Amino acid sequence: MIIDTDVVTLSRLQFAMTALYHFLFVPLTLGLVWMLSVMEAVYVMTGREVWKRMVQFWGVLFGINFAMGVATGVTMEFQFGMNWAYYSHYVGDIFGAPLAIEGMMAFFLEATLVGVFFVGWDRISRVKHLLVTCFLALATSLSAVWILIANAWMQHPVGAAFNPQTMRMEVTSFSDVVFNPVAQAKFVHTVSGGYVLGSMFVLSISAWYLLRGRNVDLAKRSITVAASFGLAAALSVVVLGDTSGYTVSQNQKMKLAAIEAMWHTEPAPAPFTLFGLPDVRERTTHMAVKIPWAMGLIGTHSTDETMPGIAELVDTAKGRIGEGVKAYDAMLLLRQDKTNVQAQATLAAHDQDMGYALLLKRYVDDPRKATPADIQKAADSTIPNVPVLFWAFRIMVACGIYFILLFAFAFWKASKRQLTTHRWFLKVALWSLPLPWIAIEAGWIVAEYGRQPWAIEGVLPTALGVSSVSSGQVLTSIGGFVLFYTALAIVDVWLMLKFTRKGPDGLGIWPYNPTVAHASH
Amino acid sequence: MFEYATLRVIWWALLGTLFIGFAIMDGFDFGVAGLLKVLGRNNEERSVLIESIEPTWEGNQTWFVLAGGATFAAWPMLYAVSFSGMYLAIFLVLLAFILRPVGFNFRGKVHNARWVSLWDWVLVASGVVVVLISGVAFGNLFLGLPFRFDDDLRMTWQGGLFDLLHPFALLAGLVSLSMLLAHGACWAALKADEVVAARAVKMARWLTLVYAVLYVAAGIWLGYRIPGYAISGAAVTDGVSNPLFKQVALGGTWFASYLQYPLFWIAPALAFVSAIGVQLLVGRRSVAGFIASSLMVGSTIASAGFALFPFLLPSSLDPRSSLTVWDASSSRGTLSLMVFATALFLPIIIIYTSWVYRVMRGRVTLAQIRAAHSGY
């Protein structure tokens with residue numbers, strides 16, 4: 001059947017919008033909850049009331065953000081079925097399991113404990129409450145483990161094989177899926193990104209209090225926590241981001257070449273293009289400023305391995321499309337007669353290229369009847385959007401390096417107890433608040449937009465994954481999301497600003513003033 | 001390792017368990033939210049009702065997230081066909097799920113009557129929408145849904161939102177609504193301040209009565225007016241998951257599985273007994289009353305699931321495309337892995353959920369609400 005390209009475009013737009021939006025809230029939850037645990041641990045160990053009040057104040061902001069994260073997270077789970085029904089059918093056997101396990105192991109714990117975190121202060125002992133906070137933190141990170149295992153499988157589908165009888169991918173080894181090297185690199189990189197964001201959130205708001213001379217004792221302590229946590233996280237996000245780059249180079253060579261705008265294979269070790277203007281039509285990068293050797297070292301961790309360029313990878317794709325058509329043909333024969341031994345052998349020999357034959361379905365109904373021109377078009381379609389990836393990657397990396405410097409300085413000043421001496425630094429810290437969000441969204445774009453045209457790298461083209469819904473239906477849901485998400489964003493930012501402005505002093509949280517009741521949970 | 005057929009039956013039971021878990025746990029949240037304006041006559045009383053569910057609703061809603069995730073993992077075709085086919089209905093449910101977390105969290109953040117009232121209405125609407133649409137969707141299963149598969153197992157659907165509004169499906173929606181509102185009232189009778197609880201007791205009795213009448217009516221309608229589906233010939237229970245490998249006959253009765261497995265009658269009988277239990281116990285022994293309404297919810301859903309067995313999602317357009325327990329599951333490997341994961345985590349979930357309910361035990365009183373607000 002012919003795929004409706006409007007439905008594909010609209011479904012992708014909706015997915016990108018809702019995922020990017022969801023990802024505004026998740027990293028803050030991931031990072032902030034660990035800082036709450038640290039603060040509460042200090043409270044339990046020292047018994048100093050101010051640390052408890054810090055947990056309660058940051059907890060108010062955490063709660064607002066957490067609600068938004070939960071609300072927008074449900075969308076993600078619904079959306080695979082609603083808009084990506086064929087995807088869900090085709091890979092649900094593998095992809096669904098980590099999502100379900102995430103629900104059982106992590107999200108359930110998180111959602112059950114969060115109520116106790118807010119209203120349990122007077123109902124359970126200090127130590128028990130601390131345990132609740134720590135389990136809450138653990139659960140959020142465990143949640144990330146399973147989500148990233150699922151996501152890593154989209155980038156690097158291991159431990160599964162195509163079954164012509166059921167017309168879908170089926171699992172062959174769960175341990176391969178779970179211990180996917182891409183998943184490990186992604187997990188550390190992503191949660192570290194969240195920790196950086198959480199640290200920046202605490203740092204910036206505390207800096208604002210210090211600039212105003214408000215809540216000084218609470219803000220200084222908060223900065224100390226944020227600076228140490230943030231420095232460790234920023235180092236880890238960059239160092240392990242490199243690991244992530246290395247694993248990408250092993251299995252997503254096209255994504256890496258696109259990030260680099262490396263149109264042709266360069267002699268090893270390849271240079272890193274610091275700046276340039278990638279030109280998609282001419283397939284060249286204008287005004288390129290290159291650092292010799294750097295990319296080869298990052299991408300291959302060696303000096304003699306070459307990294308293939310885009311043109312060479314398109315040629316490889318062309319070859320794989322040819323092989324894939326053989327697998328497709330064998331699959332159709334097996335549908336007629338599942339005992340056809342010859343077809344079984346052909347499919348087994350070429351099934352790793354079957355996805356490449358499916359790329360042709362955008363241009364021709366039956367991949368076996370594809371013309372050389374169709375094959376060329378399909379091979380060209382494996383190039384992601386080079387300028388977007390090129391820039392998104394550079395923005396992300398530049399932010400990452402900046403975070404290390406900023407948190408290192410904050411850490412140094414905090415340890416010398418000189419936080420209030422440099423007003424310029426406090427201003428810089430305040431205005432750096434949006435940067436981690438920009439870096440994280442750019443990272444999502446590199447990882448997911450860079451995976452295109454694949455939903456599952458090399459296995460299922462995104463265009464084939466859509467549901468058989470009408471573009472009118474998808475437009476309706478997009479309209480609904482735009483309306484509700486915009487309204488919620490306005491309310492969320494308004495509440496965040498309101499409670500930040502009120503601050504621990506205005507809310508009666510610290511200094512503790514019994515005549516002013518503190519914020520309800 | 002279990003046989004493929006056994007695994008499928010286990011997963012059919014687990015699917016039921018998770019959805020019943022959702023209906024019991026989140027159902028009373030929906031019920032309380034739906035009755036918010038009826039049981040709570042002023043802002044303080046409504047705050048009592050909200051606070052009675054606030055610390056635990058989030059964990060309760062996770063039953064749905066889990067049921068959805070488990071459906072994706074164990075019954076990917078069921079997940080794909082139902083979510084994409086009933087696109088706009090599911091989208092409405094999704095909006096309700098999006099608005100509930102923010103509704104609970106944001107409601108108490110600003111002390112302004114219009115602000116609070118806005119979020120109250122959001123919670124009322126989201127409660128009613130989910131309960132009603134779930135019931136209507138369930139009712140449609142018996143009527144068959146308009147989908148078919150092509151040879152690539154790509155599904156096409158012919159119909160829109162309003163095609164789901166068959167009178168029988170609407171009746172099923174009302175069964176669901178009255179049942180879960182009654183369940184919510186039983187929770188309020190247990191947890192809310194005596195003033196609100198007294199109102200909830202009356203409400204629970206009335207709603208259970210309405211539920212019982214509608215439930216019987218739906219059963220009679222189903223038995224006499226709606227043709228059942230049956231797999232032609234002997235069902236292949238351990239074959240590959242491809243719905244097109246079977247033939248389906250239409251025209252029997254949905255009570256066929258009750259005739260085949262008489263044990264299934266336990267479910268409707270229990271639903272009826274529990275409804276009587278609610279009448280007798282609510283207001284006198286509130287914990288027992290709530291347990292009775294939980295059993296009523298669970299056995300009602302089970303009775304519908306039993307009637308459908310072995311069908312999961314019958315197709316009216318092309319009966320052969322119908323999804324059944326025997327041909328819509330994941331592979332054997334995935335099903336066994338998921339059985340182990342569920343056997344490991346479900347008890348743990350139940351343990352910490354029980355702990356949280358124990359921590360939060362006791363009624364939410366008007367005095368508490370007033371004390372919390374006196375500082376402002």
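The axes themselves are lines fitted to C-alpha atoms, for helices over the stretch in contact, and the angles run from 0 to 180 degrees between N-to-C directions.

Hello everyone. What you see above is a predicted model, where local features need pLDDT of at least 70 and side-chain atom pairs count only at pLDDT 80 or more, while totals for chains, interfaces and linings use all residues. Residues are numbered from 1 along each chain as its sequence is written, and chains are lettered from A and ligands numbered from 1 in the order in which they are written.

First, confidence. The predictor's confidence in each residue is pLDDT, from 0 to 100. Chain A has a mean pLDDT of 91, with 96% of its residues at 70 or more. One stretch to keep an eye on is 516–521 of chain A, where the pLDDT is below 50. Beyond near neighbours in sequence, that stretch has 18 contacts in the model; here, two residues are in contact if their C-beta atoms, placed from the backbone, lie within 7 Å. Chain B averages 94, and 99% of the residues score at least 70. Within chain B, confidence is lowest in helix H14 (residues 366–373), at a mean of 84, and highest in helix H8 (residues 167–191), at 97. Those helix names come from DSSP runs (H or I, at least four residues, for helices; E, at least two, for strands), numbered from the N terminus. For the complex, the predictor gives an ipTM of 0.94 and a pTM of 0.94.

Now let's go to where the chains meet. How many residues of chain A are in contact with chain B? There are 63, and they meet 63 residues of chain B. On the chain A side, the elements giving two or more residues are helix H2 (49–83), helix H3 (85–119), strand E2 (168–171) and helix H17 (471–506). H3(A) gives the most, with 23 residues. By class, this side of chain A has 36 nonpolar, 22 polar and 5 charged residues. In that count, Ala, Val, Leu, Ile, Met, Phe, Trp, Tyr, Cys and Pro are nonpolar, Asp, Glu, Lys and Arg are charged, and the others, Gly among them, are polar.

Let's follow H2(A) across to chain B. Its partner helix H6 (residues 87–107) of chain B packs against H2(A) at an angle of about 170°, with the axes 8 Å apart. The two, H2(A) and H6(B), are therefore roughly antiparallel. Among the residues that meet here are Ile64(A), Met68(A) and Phe78(A) in H2(A), and Phe91(B), Leu94(B) and Phe97(B) in H6(B). The residues of this contact of H2(A) with H6(B) divide into 16 nonpolar, 4 polar and no charged.

H2(A) also packs with helix H4 (residues 57–74) of chain B, at an angle of about 20° and with the axes 10 Å apart. That makes H2(A) roughly parallel to H4(B). H2(A) passes H4(B) in a left-handed crossing; a crossing is left-handed if the near helix is turned anticlockwise from the far one by less than a right angle, and right-handed if clockwise. The contact is made by Val70(A), Val74(A), Glu77(A), Phe80(A) and Gly81(A) of H2(A), with Glu58(B), Val65(B), Gly68(B), Gly69(B) and Phe72(B) of H4(B). This contact of H2(A) with H4(B) has 5 nonpolar, 3 polar and 2 charged residues.

Next, a pair inside chain B. Helix H7 (residues 113–143) and H8(B) pack at about 140°, with their axes 7 Å apart. H7(B) and H8(B) are therefore oblique to each other, and their crossing is right-handed. The contact includes Gly135(B) and Gly139(B) of H7(B) and Gly173(B) of H8(B). By class, the contact of H7(B) with H8(B) has 13 nonpolar, 6 polar and no charged residues.

Finally, some backbone details in chain A. Most residues other than glycine have a negative phi, and most peptide bonds are trans. Which peptide bond is cis, with omega near 10°? That is the bond from Gln452(A) to Pro453(A), and Pro453(A) sits in the loop between helix H16 (435–448) and strand E5 (454–456). The bond from Trp510(A) to Pro511(A) is cis too, with omega near -5°, and Pro511(A) lies in the segment after H17 of chain A. Met287(A), in strand E4 (residues 284–291) of chain A, has a positive phi, near 50°.

Note on methods. Angles under 35 degrees count as roughly parallel, over 145 as roughly antiparallel, 65 to 115 as roughly perpendicular and the rest as oblique.
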